[in-house]
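I open this notebook to record what I looked up in one structure. The entries follow the order in which I consulted it.

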Amino acid sequence: MRLARKVTAMAMASMMVVSMAACGGGDSAETTTAAPAETTTAAAADATTEAAKDAAEETAKEAEAAGGAGGNIGVCIYKFDDAFMTTYRNALQEILEGKGYTVTVMDGKNDQAEQNNQINNFIAQEVDALIINPVMTSAADQIIATVKDADIPTVLINREPTAEQMSTYEKLVYVGCDARQSGTMQGELILDTPNKGDINGDGKVSYIMIQGDPENVDAQYRTEFSVKALTDAGMQVEELDLQRGDWDRNKGQEIAQNDLAKFGNDIEVIFCNNDDMAIGALQAIQAAGRKVNEDIYLVGVDALDAALNEVVNGNMTGTVLNDANGQAAGAVEAMEALLGGKTYASGEQSIYVDYVKVTPENAADFQ
Ligand code: BGC
């Protein structure tokens with residue numbers, strides 16, 4: 001199954017990558033080619049590296065046949081202690097190494113100043129290309145100016161800057177997903193339930209929203225478009241609470257626990273901007289004696305392995321595949337295009353991989 005998921009993701013990535021869409025220090029390396037990236041949380045441990053390994057084996061054979069790609073690649077991740085980005089960076093590393101690149105992956109530790117130092121170090125080391133998951137989307141201007149000044153081909157991932165910001169440097173591209181799509185799919189998961197989320201039949205869907213880091217466009221759009229899907233379908237909604245959980249499982253658990261104590265049975269839906277927070281919320285739901293899909297609905301985004309299990313077991317209403325393997329493959333493909341001399345025109349610098357709605361019916365396809 002894991003192989004099937006990887007193959008699907010990779011096939012999808014190569015299809016999607018061709019469709020372009022305009023849209024709105026001194027530290028030593030944490031991870032090098034010799035050492036696989038460490039996983040730092042229980043949630044991160046859920047993240048699979050097997051699919052990436054399969055991909056790496058395949059690409060390694062291809063690279064060997066082609067004589068190896070070579071080249072030094074610097075990868076900056078906003079922080080290692082993030083469940084989804086752990087899956088993503090492992091996939092990225094495996095694919096790059098499989099293609100014969102020398103890869104150094106840095107942990108930004110959720111600190112933009114630290115990441116800036118890491119970028120400067122990579123530039124000083126004259127890496128051939130950079131792949132950057134910015135700590136702060138608001139730092140995009142500065143990051144872009146820095147890599148442009150150094151003339152280093154750069155792929156930004158996971159945190160999307162504006163088209164205008166990217167337009168200043170033609171050797172820069174963003175590979176990610178359109179977060180509006182994932183929000184809409186979360187809303188659709190609720191609309192697909194027998195009572196469209198209105199469990200108590202009072203004519204409105206009463207929900208709490210557990211948001212990621214609101215500085216991140218993924219958090220903004222998922223928050224907006226999940227609810228919009230409901231109102232577009234003619235449902236009345238009532239927001240009981242909206243709080244930032246910063247993509248973090250423990251914060252998801254705390255917010256859900258407090259809200260369940262405060263609003264009790266009034267809560268019909270818990271929207272979480274990602275799965276890690278949803279898994280935290282599920283712990284609170286279970287501790288409160290509530291039962292998902294009977295007296296409360298719960299949705300996330302990412303399709304982490306742990307969340308897929310909960311969807312299969314009926315403990316999450318659904319999730320949305322945030323295709324880490326597909327995005328990693330797309331990022332490497334875009335990086336190689338840049339290394340091959342391709343430049344990107346303004347308005348064509350965002351490359352999207354599709355999200356996929358995950359329900360109990362298809363969850364096993366992604367495990
Ligand atoms: C993922 C989150 C992750 C965040 C990091 C989002 O796309 O859904 O799980 O924490 O990216 O920026």
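What volume does the largest cavity have? I found a volume of about 120 Å³ for the largest cavity. I note that this is a predicted model, in which local features need pLDDT of at least 70, side-chain atom pairs count only at pLDDT 80 or more, and totals for chains, interfaces and linings use all residues. Residues are numbered from 1 along each chain as its sequence is written, and side-chain values use heavy atoms, without hydrogens and water.

Entry on the cavity. A cavity here is a set of points on a 1 Å grid over the protein atoms alone where a 1.4 Å probe fits but cannot get out, and its lining residues have an atom within 4 Å of a point. The points are joined across faces, edges and corners, and the volume is the space filled by probe spheres set on them. I counted 13 lining residues, with D82, F84, N158, D218 and W247 nearest the centre.

Leaving aside residues up to four places away in sequence, L96 touches (heavy atoms within 4.5 Å) I73, V75, Y101, V103, I131, V332 and M335.

Entry on L339. I recorded L339 as partly exposed because its relative accessibility is 36%. With residues up to four places away in sequence not counted, L339 touches Y101, D128, A129 and P153. The C-alpha atoms of L339 and K171 are 9.0 Å apart, although 168 residues separate them along the chain.

Definitions and conventions. 1 Å grid on protein atoms, 1.4 Å probe; cavity = no way out; pocket = protein on both sides within 12 Å on 5 of 7 lines; lining within 4 Å. Buried < 20%, exposed > 50% of the residue type's maximum accessible area, 1.4 Å probe, protein only.
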